[in-house]
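Visitor: I am new to this one. Could we go through it by question and answer?
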Amino acid sequence: MSHPSANLDLFLQNREALVHYAVRITGCRARAEDVVQDAYLRFANLSSDPIRQPLAYLRRIVRNLALDDLRRGALDARVLDEFNRIGVAPQMTAEPEDIVVHRDELRQVAAALADLPERTCKAFEMYRFDGLTLQAIADALGLSVAGVHRLVREALLHCARRLDRPVD
C-alpha cells in the first residue's frame with residue numbers, strides 16, 4: 001500500500017493541474033473541483049499493492065469521474081428538457097404522498113391513452129415520448145403534418161381532461 005502522506009503530497013502538488021484537466025472535460029470549474037476531491041478520496045482509500053505510476057493513476061480516476069459527471073449532467077438535462085417540454089415541473093425530493101399522487105396521475109394518463117384510437121395514441125407516444133417531429137410521425141403513419149398535429153392535440157386534450165387540468 002502507498003504511504004498516505006506520499007499520496008497527499010502527490011495530490012497537493014498536482015491538484016491545480018488535475019482541476020484544470022477536469023475543467024476541460026466537465027466545462028465547469030466548480031464541478032471539476034468536486035471531481036478532483038472525489039478522485040482524491042478514492043485514491044487515498046486504496047488498499048492494494050503500491051501503484052507504479054500514482055500520478056497517472058490519479059489522473060485516470062479524475063478522467064473517469066469527470067466523464068461520469070458529464071454523462072450524469074447530460075442525462076439530467078435531457079430529463080429536465082422532457083419535463084419542460086410536457087409542461088411538468090419535476091420535484092427533486094418527493095414526499096411519499098406526492099409519489100402516490102403522481103403514480104395515480106400516471107395511471108390515469110395510461111388509462112386515458114388506452115381509451116384513444118390506436119393511431120391517435122401512437123402519434124402522441126411518438127411525439128411526446130420518442131421525441132419525433134410531426135413531419136417524421138406523418139411520414140411513419142402516412143398522414144399529413146396537420147393530421148398528426150390534430151391527433152397529438154386530441155390526445156393531449158383527452159389526457160388533460162382526465163386529469164382535470166386546463167390546456168393552453
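Visitor: Leaving out residues up to four places away in sequence, which residues does R42 touch?

Guide: The model is predicted. R42 lies in helix α2, which spans residues 29-44. Not counting residues up to four places away in sequence, R42 touches I61 and L65.

Visitor: Is R42 buried or exposed?

Guide: Its relative accessibility is 52%. The cut-off for exposed is over 50%. R42 therefore counts as exposed.

Visitor: What separates the C-alpha atoms of R42 and L58?

Guide: R42 and L58 are 16 residues apart along the chain. The separation of their C-alpha atoms is 8.9 Å.

Visitor: Which residues have the most contacts inside the largest nonpolar core?

Guide: That core has 18 residues. Helices α1 (4-26), α2 and α3 (54-86) each supply at least two of its residues, and the largest share, seven residues, comes from α1. The residues with the most contacts inside the core are V36 and V62.

Visitor: Which residues is V62 in contact with, leaving aside its neighbours within four places in sequence?

Guide: V36, named above for its contacts inside the core, is one of them.

Visitor: Which residues of α7 meet α4?

Guide: α4 passes α7 in a right-handed crossing. From α4 the contact takes in Q108, V109, A111, A112, L113 and D115. The residues of the contact divide into five nonpolar, two polar and two charged. On the α7 side they are H158, C159 and R162.

Visitor: Which residues does D115 touch, not counting those up to four places away in sequence?

Guide: D115 is in helix α4. Its C-alpha atom is 9.7 Å from that of A155, 40 residues apart along the chain. The residues D115 touches are H158 and R162.

Visitor: Is D115 buried, partly exposed or exposed?

Guide: Its relative accessible area is 48%. Buried needs under 20% and exposed over 50%. The value lies in between, so D115 is partly exposed.

Technical notes: Residues numbered from 1 in each chain as written. Predicted model: local features only at pLDDT ≥ 70, side-chain atom pairs only at ≥ 80, totals over all residues. Heavy atoms only, no water. Helix = DSSP H or I, 4+ residues; strand = E, 2+ residues; numbered from the N terminus. Buried < 20%, exposed > 50% of the residue type's maximum accessible area, 1.4 Å probe, protein only. Contact = heavy atoms within 4.5 Å. Left-handed = near helix turned anticlockwise from the far one by under 90°. Nonpolar A, V, L, I, M, F, W, Y, C, P; charged D, E, K, R; others polar. Core = buried A, V, L, I, M, F, W, Y, C linked by side-chain atoms within 4.5 Å.
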